[in-house]
Each structure stands twice: as structure tokens, then as C-alpha cells.
Protein chains: 2
Amino acid sequence: MNLVNSEQQQWEMQALESFMAMVKAPDGDIESVRHLSNSLSDTYSFRLMVEFLSRHPQGRQAFQERPCIGHVNLQQLNQLPEYTFGYAYANHMLGNGLTPLQADQLPHDDHSFLMWHLAETHDIWHVITGCDTNILGEIELQAFSAAQFSASRLWLALLSKNLLKAAVHNIEISGQYMDALTQGWVRGKQAKPLFGIKWNTLWEMPLEQLRTQLNLNPVFTKAVEAIV
Amino acid sequence: MNLVNSEQQQWEMQALESFMAMVKAPDGDIESVRHLSNSLSDTYSFRLMVEFLSRHPQGRQAFQERPCIGHVNLQQLNQLPEYTFGYAYANHMLGNGLTPLQADQLPHDDHSFLMWHLAETHDIWHVITGCDTNILGEIELQAFSAAQFSASRLWLALLSKNLLKAAVHNIEISGQYMDALTQGWVRGKQAKPLFGIKWNTLWEMPLEQLRTQLNLNPVFTKAVEAIV
């Protein structure tokens, strides 16, 4: 942490407080995620993430061009053939009563772009990885994201929160939580980087072909599934 | 939880308080582990663990016979050939300045036996799994133990604590924390049950042979290591 001591202590205290608020909130409580995200946000870990993501040409280019998905016509995507990525995305959004995010203003620096890209593509990551929107799917995607972003305080804190909730409230299914976490971490490490992909140019691609290209469905994952 | 509402709330509050105390304590602070262990202890999850462990004949027999390791002469074990389990154990204990635990009184029921066996064999589990005593080794062994005990609130809470500490204090090496957790979970699931093994009858066995028998070194682990 590049902070002086008292600032650091205050930051840590706030981070732990918002963590506990998150533990006490019901699963999927967006407001407490937002609060935790703000509390954990700092320039140091942000810089680590940008450095990590910029190692790959796709990530470097994304920070230069700051691509946004922009307006998405879900009804139109829903008319695409069922095997396409666009159809799968529309189906996911419409089926879960979700609407694509609309930016109030375009991201103006690396930090705001990273945060915006994360928010804007979260549902797409669900679709492309095949992670469900239930708690197990969220845990798998949190671990996947932790691997893909390398130094994300938020994803780690969310995983920690979920393991603590398993310990206190859901010990019966804690094994499924751990399986989901393991699965997500291994898949996130072996997949190609998803950060910076211009998803809105890929709607018509077959979903399975896209998954194969991104190394999201290799044989090894199946082997992990067989034992976890 | 088989508790009425207010009792449950109080139990949860105490559990979360001792969790936070553990987060604020330095790594390896035994007193806060003990406190957390006591706070999380309850008859419901204990029963789940006993049921799970008793599915295997070795576990069932252990609850009937309640075997204890008893007195161990480390100097004597240290004279065994270097390839033996006994030598590795003595070497581990002497090298880390540890002495085998001595029971004040023999365990008199399933609960006290389970707790005692856990404590008495913890160092042996380090040796047999090859998990180091540094934080990464502890995390791997916590995840391994979570898999082997199935419904342990303590191991899950310790893993949660370590991920939270990674998020707040050690984001640079959080990937290693996640690798260790994943590694431990996968190995714990694929290994044969270690609970109830009469370790004091095995000192002269070659360590590698014992690991192979217990499925602690299969090819699959190597494949995971290669990618995590």
C-alpha cells in the first residue's frame, strides 16, 4: 500500500467493515457489493491490475481504445440462430430479466474504463463461461475473475465472504462452494484473457467455437470436473 | 442449525466476532485459532462430520477404538533410515522446534476424540501431504482438511480468513494463496481418508510408498500443478 500508516489503518478498517456488512447482507445484494468495491478500491492494486492486463496485446489495446459495447438490441440478437453467442446472450438477459448497462458518460481514464468494462461485460462473462447466476455460478465466476484480473481485492473479498457464509450458514453445501471456487480458478488461469474483447463484434459467432478459441472448454476442465 | 432463533443469532455473532479477531491477528496465532474453533463448534456440524467420516470403515473403527498416538520418541525416530515416514516426521518436528502433543486425559466421546485426533495428527498431516508450515502450506493443508472432513466450519473459516487477508494485506501474492487452496482441495478430495489412520504403526514405512498408498501423489496432482 502506498499510503502513510494512519491512512492505511483507516482504509483497512473501512475495508473490513464493508466486508462484514457484505457477510450480513443476503446473497446478490448489489448495494453491499458496490460499497465493498468502493472500500477496497485503491491506486496500488489498480496499477497492479493494469500492468497485468497490459502484458497481453489485447489488454494493452483495450486501455488505448477503451472500447464500449454500447447499445444492444436484445430482441434483435434473440432472432439469431440458437447456436450463436448473440442468441445465448440475449436469451440469458431476457430469461433473467436483465437489461444491458448504459453508460452515463464514456470512461475517461484507465481506472474508469476498467471499472466500466468489468460492469458492462459481467453478464457476458456469465454466458461465455457458462457460469450460472445462482450462488455456485457466482462463486465460480468470482474465482475465474480473480484469476483473470490477478490482483483484484474485490473478487478475493467476495470469495472470502462466500466461504465465511458457507462456514456459518451453509455448511451442508460448503463442498459445492469449494468445488465452484476451484473450478473457476483453474478455468480462469487456463482460459485466454477475456479482458478487452470487443464482444459486440462477435454476436454471430457460434458460442461453442468462441469458447474453444478462448480455451474455455479444454479437456483438462473435464478432468477437473470429474474429480471435484 | 438446531438452535432456536435468538441462540442462533448469538452463535453467529460470536462466530463473526472471533473471525474478525482472527483476521486482525498475525498468521499462526494459535490463541485466535483456538478461539475461532470454539466459537464455531456446534453439535450440528459435528454430527455431519462424524457421519461423513464414518462412511469409511477406517473412520467408523476409529470412532469405536479412539486410537491415540501416545508418546513419541523423536530422537529414536530420527535414527530411522531417511526414506521412512518416521524419520520425515521426526525431522519435521525437530527442525521446526515442535514437540508431539500429550493428552491430559484420553478422549471420552466422539467429539473429544475428533478434536483430539485433529490436534494430535496435524503435524503428521503436514509431513504426509508435504505441505510446508509457511502460510501457503497452511492454506493448502486447510483446503485439504476441508475436503477430508467435509463439513468443517473451522477449516472453511480459516480459508476465508486467509483470502480476506490476501485481499487486504497481500494482494501481490494472492494468486499463490489461490493456487495453494485449489491444490489442497483437489488433493484432499482425491486422497484416501487420513482420519483414523494409526500413524504410530507406520513409522518404518517408506514415506513415498505411504503417499502412493494414500493417493497423495497421483499423476493428476502433477497435471494440476502444471497449470495452477
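**A walk through a two-chain model**

Let's start inside one helix: A:Arg47 and A:Glu51 both sit in helix H3 of chain A, 4 residues apart, which is about one turn of the helix. Keep in mind that this is a predicted model. The two residues form a salt bridge, and their closest N and O atoms are 3.4 Å apart. The idea behind it is simple: side chains of opposite charge can pair when their charged atoms come close.

Now hop over to chain B for another pair within one helix. B:Arg211 and B:Glu208 both belong to helix H11 (residues 207-213) of chain B, and they are 3 residues apart, again about one turn of the helix. Their side chains meet in a salt bridge of 2.9 Å, N to O. Are these two buried or partly exposed? B:Arg211 is buried, because its relative accessible area of 14% falls under the 20% cut-off. B:Glu208, on the other hand, is partly exposed, with a relative accessible area of 43%.

B:Asp27 and B:Lys165 form a salt bridge whose closest N and O atoms are 3.1 Å apart. This pair links distant parts of the chain: B:Asp27 is in the loop between helix H1 (5-24) and helix H2 (30-40) of chain B, while B:Lys165 is in helix H9 (residues 153-168) of chain B, 138 residues away. B:Asp27 is partly exposed, at a relative accessible area of 40%. B:Lys165, by contrast, is buried, at 9%. In chain A, salt bridges link A:Asp27, A:Lys161 and A:Lys165 into a network. If you count over all chains, a search of the whole structure finds 20 salt bridges.

A:Gln142 is found in helix H8 (residues 135-149) of chain A. With a relative accessibility of 7%, A:Gln142 counts as buried. Which residues does A:Gln142 touch, leaving aside its neighbours within four places in sequence? The answer is A:Trp155, A:Leu158, A:Leu159 and A:Asn162.

B:Pro57 is partly exposed, with a relative accessible area of 49%. Along the chain, B:Pro57 and B:Gly184 are 127 residues apart, and their C-alpha atoms are separated by 24 Å.

Time to step back and see how the two chains are arranged. Turn chain A by 180°, with a shift of 0.0 Å along the axis, and it can be laid on chain B with an RMSD of 0.0 Å. That's the relation of a two-fold axis. Which residue of chain A comes closest to the rotation axis? It's A:Ser160, whose C-alpha is at 2.2 Å.

So where do the chains meet? In terms of contact, 41 residues of chain A touch 42 residues of chain B. Of the interface residues of chain A, 100% are also interface residues in chain B, so the copies meet through the same surface. The size of an interface is often given as the accessible area lost when the parts come together. Between chain A and chain B, the buried area is about 3600 Å², and carbon and sulfur atoms give 77% of that.

Polar and charged links show up here as well. Across the interface, 13 residue pairs are in polar contact, with both residues at pLDDT 80 or more. There are also 2 salt bridges between chain A and chain B. One of them joins the side chains of A:Asp179 and B:Lys189, at 3.0 Å from N to O.

Which elements give two or more residues to the side of chain A that touches chain B? They are helix H1 (5-24), helix H3 (43-54), helix H9 (153-168), helix H10 (174-190) and helix H12 (219-227) of chain A. The largest share, 10 residues, comes from H10(A). Sorted by class, that side of chain A has 26 nonpolar, 9 polar and 6 charged residues.

Methods
Residues numbered from 1 in each chain as written. Chains lettered and ligands numbered in written order. Predicted model: local features only at pLDDT ≥ 70, side-chain atom pairs only at ≥ 80, totals over all residues. Heavy atoms only, no water. Least-squares fit on C-alpha atoms with pLDDT ≥ 70 in both. Contact = heavy atoms within 4.5 Å. Buried area = accessible area lost by both parts, 1.4 Å probe. Salt bridge = Lys/Arg side-chain N within 4 Å of Asp/Glu carboxyl O. Polar contact = N/O pair within 3.5 Å; in protein donor to acceptor, adjacent residues only side chain to side chain. Nonpolar A, V, L, I, M, F, W, Y, C, P; charged D, E, K, R; others polar. Buried < 20%, exposed > 50% of the residue type's maximum accessible area, 1.4 Å probe, protein only.
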